[in-house]
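Me: I would like to learn how to read the features of a model such as this one, step by step. Could you take me through it, giving the general idea before each case?

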Amino acid sequence: MTAMSIHVPLPIPTNSHDAAPPSALPEKEQTLYDHVLEHFSAADYTLPNVNQEKVALTVDEKFWLSYECLLRYLRATNWNANAAIKRLEDTLKWRREFGIYDKITAEYLEPEAKDGKGFIFGYDTHGRPAIHLSPSKLSAEESHRTIQFIVWMVERAFDLMGPGVETLAVLADYADNTRNPSFGMVRTIVDIVQTHYPERLGLVLIAHLPWLLNTFFKLLMPFLDPFTRQKLVFNPVINENGVFRTTEDAEAWDADSTSRVFEPDQLIQEGWIGSQRFVYSHAVYWEALVTLCEERRSRMVAAWHCIGGKVGTKEWEVKVAVRDETVQGNDRE
């Protein structure tokens with residue numbers, strides 16, 4: 001019997017019961033964290049230099065200002081509390097201006113998704129959700145809505161992270177492609193990610209990259225910070241056992257090895273030799289993704305409110321509450 005093709009995202013793994021809660025901070029780092037937390041938790045806090053009536057933090061913004069979020073910005077600023085506060089406030093303002101919570105909606109961006117240029121499917125061996133990109137379908141001309149679409153996909157990947165997971169994976173397949181997307185557009189996306197999503201990029205696999213396009217990445221490299229550069233893996237090894245960073249990793253692999261970054265059952269067949277017969281069908285996939293993310297985020301926000309609904313709430317606690325609720329629901333069924 002021929003296996004059926006699938007057209008929807010894979011479900012969020014529920015086997016992360018061993019995910020450990022965040023470790024206690026050393027005394028010095030805890031003091032710096034407390035300083036940042038107190039700044040944003042003040043009852044009279046308003047976002048500075050905002051020419052709007054609504055300068056107080058919204059519920060969505062308080063939800064975003066999690067324990068892990070504050071730590072990501074502190075680490076990104078080398079534990080300079082005042083610099084972290086400044087950078088967090090810059091991102092809060094950018095998120096308003098870019099329209100994260102109101103302008104870049106699924107309805108507005110759906111035309112960008114119809115050709116399957118980007119979709120979320122599968123999780124790597126660290127539980128990171130994978131965003132698949134097809135460079136051949138990205139415009140050779142700079143497109144603001146394409147940039148908005150990529151950012152929207154990044155935000156949706158955050159919705160689909162399990163407990164203890166803070167980063168995402170990107171899989172770009174250059175198979176049958178001899179051109180790159182707009183250099184200016186890629187630079188803009190890189191700048192957004194590096195500035196407003198610190199420590200959120202876990203892995204970038206760039207597969208089947210022809211040598212003709214090496215110049216594009218040579219020109220891009222100076223705009224990447226060292227932390228971003230080390231996430232890039234060009235032409236990873238792809239075989240029936242999964243995806244590996246290097247030939248050495250692939251040759252050293254065995255059933256108990258941790259050297260592979262993707263297992264076959266989390267990969268699509270086309271381009272990645274996975275066991276999942278995924279075919280992008282927009283009419284089916286888009287509704288499934290939007291529904292999955294909306295339901296997941298709604299449950300996380302509800303759990304956040306139950307826990308206390310404050311700035312500095314741990315993402316780990318919120319996700320564990322949602323995961324346990326999901327497992328209990330499945331057990332009842």
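Reply: Let us begin with how elements are named: helices (H or I, at least four residues) and strands (E, at least two) are DSSP runs, numbered from the N terminus. With that in hand, the residue that follows helix H4 is Gly-99, whose phi is positive, near 90°. The model is a predicted one, in which local features need pLDDT of at least 70 and side-chain atom pairs count only at pLDDT 80 or more, while totals for chains, interfaces and linings use all residues. Residues are numbered from 1 along each chain as its sequence is written, and side-chain values use heavy atoms, with hydrogens and water left out.

Me: Which residues other than glycine have a positive phi, and where are they found?

Reply: One of them is Trp-79, with a positive phi of about 60°, and Trp-79 is found in the loop between H3 and H4. Another is Glu-199, whose phi is also positive, near 60°, and which belongs to the loop between H7 and strand E4 (201–207).

Me: How far apart are the end C-alpha atoms of H4, and what span should its residues give?

Reply: The expected span of a helix is 1.5 Å times one less than its number of residues. Helix H4 (residues 81–98) has 18 residues and should therefore span 26 Å, which agrees with the 25 Å between its end C-alpha atoms.

Me: Which residues of H4 are buried, and against what do they pack?

Reply: Buried means under 20% relative accessible area, exposed over 50% and partly exposed in between, with a 1.4 Å probe and protein chains only. The buried residues of H4 include Ala-81, Ile-85, Leu-88, Trp-94 and Phe-98, and also the charged residues Glu-89, Lys-93, Arg-95 and Arg-96. Contact means heavy atoms within 4.5 Å, and the buried residues of H4 pack against helix H1 (27–41), helix H2 (59–64), helix H3 (67–76), H6 and helix H7 (183–196).

Me: How is a pair of aromatic rings described?

Reply: It is described by the distance of the centres and the angle of the planes. Rings of Phe, Tyr and Trp (its six-membered ring) pair if their centres lie within 6.5 Å; planes under 30 degrees apart count as stacked, over 60 as edge-to-face and the rest as tilted. The structure holds 20 such pairs. Trp-94 and Phe-98 form a stacked one, at 4.8 Å centre to centre and 25° between the planes; both lie in helix H4, four residues apart, about one turn of the helix. Trp-94 counts as buried because its relative accessibility is 11%, and Phe-98 because its value is 9%. The pair of Phe-244 and Trp-253 is edge-to-face, because the ring centres are 6.3 Å apart and the planes stand at 70°. Ring pairs also link Tyr-174, Phe-183, Phe-216, Phe-217, Phe-223 and Phe-234 into a cluster.

Me: Where does the charged end of Arg-187 sit?

Reply: A charge sits over a ring if NZ of Lys or CZ of Arg is within 6 Å of the ring centre and within 35 degrees of the ring normal. The charged end of Arg-187 sits over the ring of Phe-223, 3.7 Å from its centre, and that of Arg-145 over the ring of Tyr-108, 5.6 Å from its centre.

Me: Which residues touch the most other members of the largest nonpolar core?

Reply: In soluble globular proteins, nonpolar side chains tend to be buried together. A nonpolar core is a set of buried Ala, Val, Leu, Ile, Met, Phe, Trp, Tyr and Cys residues joined through side-chain atoms within 4.5 Å. In the largest one, of 67 residues, those touching the most other members are Trp-152, Leu-168, Leu-205, Phe-262 and Trp-272, and helix H6 (residues 144–159) gives the largest share of this core, nine residues. Apart from it lies another core, of 23 residues, among them Tyr-33, Leu-57, Tyr-67 and Ala-81.
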